[in-house]
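Please look over the structure shown below. The briefing that follows goes through it by topic.

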Amino acid sequence: MMRHLEIQDAAFKAYIKAGDIQWGGHRKLKIYGRLDCWSGKKMKRENRVFFKSKEEAQSSGFRPCGHCMKKAYRQWISLNR
């Protein structure tokens, strides 16, 4: 997991291009989703974190976003009731 505050703007695109960043998340709410999710674009930089894989996000205790990952979110809900 990488915090957005720890990444310089110039290096951000390079991380995405290299595949080191593929998913974004909200540090406090423990939610992860696609980088182009409108919910993720609205969050504050200090709360934003990035992951290389879904597995990394899930192993860090994050759940799928209900907006950009509806199917995965419904599955997560059904498993965690």
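Residues 24 or more positions apart account for 57% of the contacts (heavy atoms within 4.5 Å) in the chain with a separation of 6 or more. The model is predicted, so local features need pLDDT of at least 70 and side-chain atom pairs count only at pLDDT 80 or more, while totals for chains, interfaces and linings use all residues. Residues are numbered from 1 along each chain as its sequence is written, and side-chain values use heavy atoms, with hydrogens and water left out.

**Overall fold**

- The chain has four helices and five strands; these are DSSP runs numbered from the N terminus, with helices being H or I of at least four residues and strands E of at least two.
- The order along the sequence is β-α-β-β-α-β-α-β-α.
- The radius of gyration, 12 Å, is close to the 12 Å that the globule rule gives for 81 residues, so the chain is as compact as a globular protein of that length. The radius is taken over C-alpha atoms, and the rule is 2.2 Å times the number of residues to the power 0.38.
- The C-alpha trace spans about 40 × 25 × 20 Å along its principal axes.

**Surface and charge**

- Of the 81 residues in the chain, 32% are buried. Buried means under 20% relative accessible area, exposed means over 50%, and partly exposed lies in between (1.4 Å probe, protein chains only).
- The chain exposes about 5600 Å², of which carbon and sulfur atoms supply 51%; accessible areas come from the Shrake-Rupley method with a 1.4 Å probe, and for residues only the protein chains shown count as cover.
- There are 19 positive and 7 negative charges in the chain, and their mean positions are 9 Å apart. Lys and Arg count as positive and Asp and Glu as negative, with His and the chain ends not counted; each charge is placed at NZ of Lys, CZ of Arg, CG of Asp or CD of Glu.

**Cysteines**

- A search of the whole structure finds zero disulfides, a disulfide being a pair of cysteine sulfur atoms within 2.5 Å.
- Cys65 is in no disulfide, and its nearest cysteine sulfur, that of Cys37, is 3.8 Å away.
- Cys68 is also in no disulfide; the nearest cysteine sulfur is that of Cys37, 3.7 Å away.
- Cys65 counts as buried because its relative accessibility is 7%, and Cys68 counts as buried at 15%.
- Cys65 sits in the loop between β5 (63-64) and α4 (70-79).
- Not counting residues up to four places away in sequence, Cys65 touches Ile31, Tyr32, Gly33, Cys37, Lys70 and Tyr73.
- Cys65 and Gly33 are 32 residues apart along the chain, yet their C-alpha atoms are separated by 5.1 Å.

- Arg3 lies in strand β1 and, at 29% relative accessibility, counts as partly exposed.
- Leaving aside neighbours within four places in sequence, Arg3 is in contact with Arg27, Glu46, Arg48 and Val49.
- Arg3 and Ser60 are 57 residues apart along the chain, with 13 Å between their C-alpha atoms.
- His4 is in the loop between β1 (2-3) and α1 (9-18). With a relative accessible area of 8%, His4 is buried.
- The contacts of His4, leaving aside neighbours within four places in sequence, are Phe12, Arg45, Arg48, Val49 and Phe50.

**Glu46**

- Glu46 belongs to the loop between α2 (38-42) and β4 (48-51), and counts as partly exposed at 36% relative accessibility.
- Residues touched by Glu46 are Arg3, Leu5 and Arg27, not counting those up to four places away in sequence.
- Glu46 and His26 are 20 residues apart in sequence and 9.1 Å apart in space, C-alpha to C-alpha.

- Lys30 has a phi near 60 degrees, a positive value in a residue other than glycine. Most residues other than glycine have a negative phi.
- Lys30 is found in the loop between β2 (23-26) and β3 (31-34), and its 35% relative accessibility makes it partly exposed.
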